[in-house]
Amino acid sequence: MTEKNHRLISARKKLGLSQVQAAKGIGITSSMYAMLETGDRKGSDKTKQRISEFFSLPVGYLFFGDSLTYSDKNIKEVAK
């Protein structure tokens, strides 16, 4: 069973976007984006970087659960 990417879901919802809107903004298909959220796909490094840039959040935070010092305002907002 796959594990949902709750941080990615939270980042999208904080911006009030649907999966389709987020995917379009990132430049990937909506099905690929949905599979990233559900954990059915991991995505390439390039895709992760594009998503990171779109949400203005570190790749490690969104995809690897790195322990971070929450000094960045965007991370604080999403981490709530």
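What percentage of the 80 residues of the protein counts as buried? In this predicted model, the share of residues that count as buried is 35% of the 80. The protein contains six helices and zero strands, and its elements follow the pattern α-α-α-α-α-α when read along the sequence.

**Whole chain**
- The protein exposes about 5100 Å², and carbon and sulfur atoms supply 51% of that area.
- Among the contacts in the protein with a separation of 6 or more, 46% are accounted for by residues 24 or more positions apart.

**Helix α1 and its ends**
- Helix α1 covers residues 6-14, and its buried residues are Leu-8, Ile-9, Ala-11 and Arg-12. Seen down the axis of α1, these buried residues fall within an arc of 160°, so they line one face of the helix.
- His-6 and Lys-13, by contrast, are exposed on the other side of α1.
- The N-terminal end of α1 is capped by Asn-5, which has a side-chain oxygen 3.3 Å from the backbone nitrogen of Arg-7.
- Gly-16, which comes just after α1, takes a positive phi of about 70°.

**Gln-19 in helix α2**
- Gln-19 lies in helix α2, which spans residues 19-26, and it counts as partly exposed because its relative accessibility is 28%, a value that falls between the 20% limit for buried and the 50% limit for exposed.
- Once neighbours within four places in sequence are left aside, Gln-19 is in contact with Arg-12, Tyr-33, Ala-34 and Glu-37; of these residues, Arg-12 is one of the buried residues of α1.
- Ile-9, another of the buried residues of α1, is 10 residues from Gln-19 in sequence, and the C-alpha to C-alpha distance between Ile-9 and Gln-19 is 8.8 Å.

**Lys-48 in helix α4**
- Lys-48 is found in helix α4, which is formed by residues 45-55.
- Although Lys-48 is buried, it has no salt bridge: the nearest side chain of opposite charge belongs to Asp-45 and is 4.6 Å away, whereas a salt bridge requires a separation within 4 Å.
- Apart from neighbours within four places in sequence, the residues in contact with Lys-48 are Lys-42, Gly-43, Val-59, Phe-63 and Phe-64.

How values were computed: Residues are numbered from 1 along each chain as its sequence is written. Side-chain values use heavy atoms; hydrogens and water are left out. Helices (H or I, at least four residues) and strands (E, at least two) are DSSP runs, numbered from the N terminus. Buried means under 20% relative accessible area, exposed over 50%, partly exposed in between (1.4 Å probe, protein chains only). Lys and Arg count as positive and Asp and Glu as negative; His and the chain ends are not counted. Contact means heavy atoms within 4.5 Å. Accessible areas come from the Shrake-Rupley method with a 1.4 Å probe; for residues, only the protein chains shown count as cover. The arc is that of the directions from the helix axis to the C-beta atoms. A polar contact is a pair of N or O atoms within 3.5 Å; within protein, one must be able to donate a hydrogen and the other to accept it, and residues adjacent in sequence count only if both atoms are side-chain atoms.
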